Amino acid sequence: MIRTPCAWARTSSRRATQNVHAYPREPNRVTGNTTTFNLVAQRASPAHVVRRYNVTKAPTGHKAPATATTIPGPSWLWLEPVIEPFRAYGRVQQRKPYLTQLVSSLVIYFVGDLVAQSIAAPEEKDVTEEEEERGWVQQWSEDRDWARTGRALIIGGISSIPSYKWFLWLSLNFNYSSKILSLTTKVVVNQILFTPIFNSYFFGMQTLLAGASFDDCVERIKHTVPTSCINSCKIWPAVTAFSFTYIPIQYRSIFGGVIAIGWQTYLNLLNQRVAAQEHLEHPARQELVNETTTATKHKNMDVRKENGGPKQNILLDDELLNIHRHTSAFLEIPDFIMASAAQQHVDKESYSSRQHRSELKKMADLPSELEKELDDLDTQFWIPGEKLKEIVKRFREELDEGLAKHEQNIAMHQTWVHRLPSGNEKGTFLTLDLGGTNLRVCEITLRGHEKEGAEKTELNQEQYKLPEELKKGDADGLFDFIAQELEDFVRSKGLDKKYSKDKPMPLGFTFSYPATQARIDHAVLKTWTKGFDISGVEGQDVARQLREKIEKRSLPIEIICVINDTVGAMIASAYNDSKTIIGAIFGTGCNAAYMASLSDIRKIKPSDRDTIESQYGKNSKMAINCEYGAFDNAHRVLPWTKYDQQIDADSPRPGEQAFEKLSAGLYMGEIYRLIMLDLAERGLVFKNQDVNKLRASYSIDTGFLSQVEDDESPTFSKSRHLFKNTLNLEPSDIEIELSRHITELVAVRGARLCACGVAAICTKESIAEGHVAADGSVANKHPKFKKRWARALGEILDWSEAEKKEGEGPIKITSAEDGSGIGCAIIAAMELERRGRAQNIV
């Protein structure tokens, strides 16, 4: 007989005897035997222990025990203080199971959220006297995001009873004679059914309770549930198996709760990570991210509020991170949460994946091999914000080189246009526009301040397509063609009756190719671009060549100016918009023009400088035609792909116009064609189809790309029509979906590069606000170009997230007025005015 001399042991023995079977003891559903946990409970009050109270002497025939040097009775009775709370929990669970589950869940979620916030603790800072007076408890409380904790409690409270019911049902089912089969079935069923449903509920509710839309909720689930389900397989199968094998049903909740605290910590960290990613990739969701990440801080990552408010720094203590290093690797907790703040620089755009950056609505599932190809292409074509800044830095250097010396990569041509228009220029003018595809002849009337808006100008025009053979011909063929079409226009409009050789009609010639000008009515072609290779023009004065053909036909026309379309776009826009700061062309080619201080143009002749300053003063300016399509011909910073290299090698001028070949509309379709041809030749697309038309160079233009990218029709009807008519191909849904993503990659790279030239000019000239008047087929016809351009410019110039939206930044892209037509006429009017003023000075 064993005595229990301790009062607490005697009392506990009675309780154990009374209550060990109070909660219907669940037989092990795997083995059919009492669980180990119940055995321990039984041993705490063994059946053979006889209670003797107020014993004064030993039973007959027994000696009284000697004074004990250890406490009598089994040593495991010392576990009674630990075991008793579990028994109490079991008794409450028996009487009020739902209330117990609810309270347990609230505690688990409360502790899990606070632990997650503590891991992502606020940055240590100098403590002010006021903060010291408040005390660490109040300071700790203020550093917590209690709204987020409240959301966690709501989520845990709602899910507590359904979760309890699920595990109760699971324990009573799938009980086979084979314990391995039973356990395996329970684990598999739990992972397949419960885990994805619960995780979707958790992340979805986090998003909805933070005030996001249903679409944002779906997006969050897509980004978090797969990762969390995969990682749950590393923990919960073992926990579930152990629970069903060794833990009685009444104690499974508390056992799972201990594990769940760690799991809830991980889920909260994962939710924070994805919320931050969505902030980087989808600025419109900034408000949601600010709520989700208020208490999360990490050095070197700035989360800006849309209202331009104070930045929030996110950090983790290095010592804490070292403790959790293995845990983070096991659960794949993101590096930007678990890495040392001192070692981790977060580039907002680089850390977003292709899938997250894409603006396309998913229309078809791609096989893994094509997903891999897309990921590889994304690596080649995506240009992160830091790389854009590196490009801009080199861009500025080449702009300065072009202003200092002749014969540089970026020519920085002088245009002899010394001011922006007043808006009151008047007169009737003839203009010629020699573009990359067409010749346009216009009769333009300027009405100045007499009219406003569109009524300030009157345009009458004809357009003539340039024969392909002309682009590879000679100078005579080119200028004969121009003069002939000019004559036809003049005679058809009766202008030959209104003007004479004594009173000729003023003409402005828009010649949009790299040319140097010693005066405004003179232009020497440096090199052909846009696919032209006409002999006898390079190194010659194109104004003189045209003038000779005009005189040969005795046309009553006088050439007043030769301009570049980029300068024309700036002047035409400034005629109606005084905020215009830069003219830009994003079309067949790419270029920009701006007003530079005469003091910065170091290559100008001293005599020319004196003449200009005598007319316009010491602080005079001159419009500079950058011709920056030749930027980085040395390939120092631009990210070239094998497709870009092939385009350069096959071009009429290999090694020239490097920047243009990566960003201009003439080449974007060709880049896409080369990518698709590469995939076709490797047997990945267009299998068993004739791809001969796909082999034809420059058979695809920018319009093809924009239409394919934007095709979200259920059957891809627009894309199928384009492929059939252009390439004689009949693509599958998967091939069209792949094409949409490739066109997006090419177009996004082009838009981001186009922002670099403007950013270089703005930083060089300290331009903080204004309008960039953009013209060209890409700027005007690609529906997403301006949005992508604006975001890239904001990344380079460090704008807030709100300012990076199209039309919201201090520097806005606007649609240029007709630069090659109206702009040319305005410059001609300004030049006639200048000539009159010059005669008065003399």
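Predicted model: local features only at pLDDT ≥ 70, side-chain atom pairs only at ≥ 80, totals over all residues.

Residues are numbered from 1 along each chain as its sequence is written, and side-chain values use heavy atoms, with hydrogens and water left out.

Q: How are the axes of α25 and α26 oriented to each other?
A: Helices are DSSP runs (H or I, at least four residues), numbered from the N terminus. The axes, lines fitted to C-alpha atoms over the stretch in contact, with angles from 0 to 180 degrees between N-to-C directions, come within 7 Å and cross at roughly 60 degrees for α25 (residues 665-681) and α26 (residues 702-709). Angles under 35 degrees count as roughly parallel, over 145 as roughly antiparallel, 65 to 115 as roughly perpendicular and the rest as oblique. The two helices are therefore oblique.

Q: How many disulfides does the structure hold?
A: A disulfide is a pair of cysteine sulfur atoms within 2.5 Å. The sulfur of C561 lies 4.4 Å from its closest cysteine sulfur, in C824, too far for a bond. For C590 the closest cysteine sulfur, in C754, is 5.6 Å away, also too far. The number of disulfides is zero.

Q: Is K784 buried or exposed?
A: K784 is placed in the loop between α29 (777-781) and α30 (785-797). Buried means under 20% relative accessible area, exposed over 50% and partly exposed in between (1.4 Å probe, protein chains only). With 13% relative accessibility, K784 is buried.
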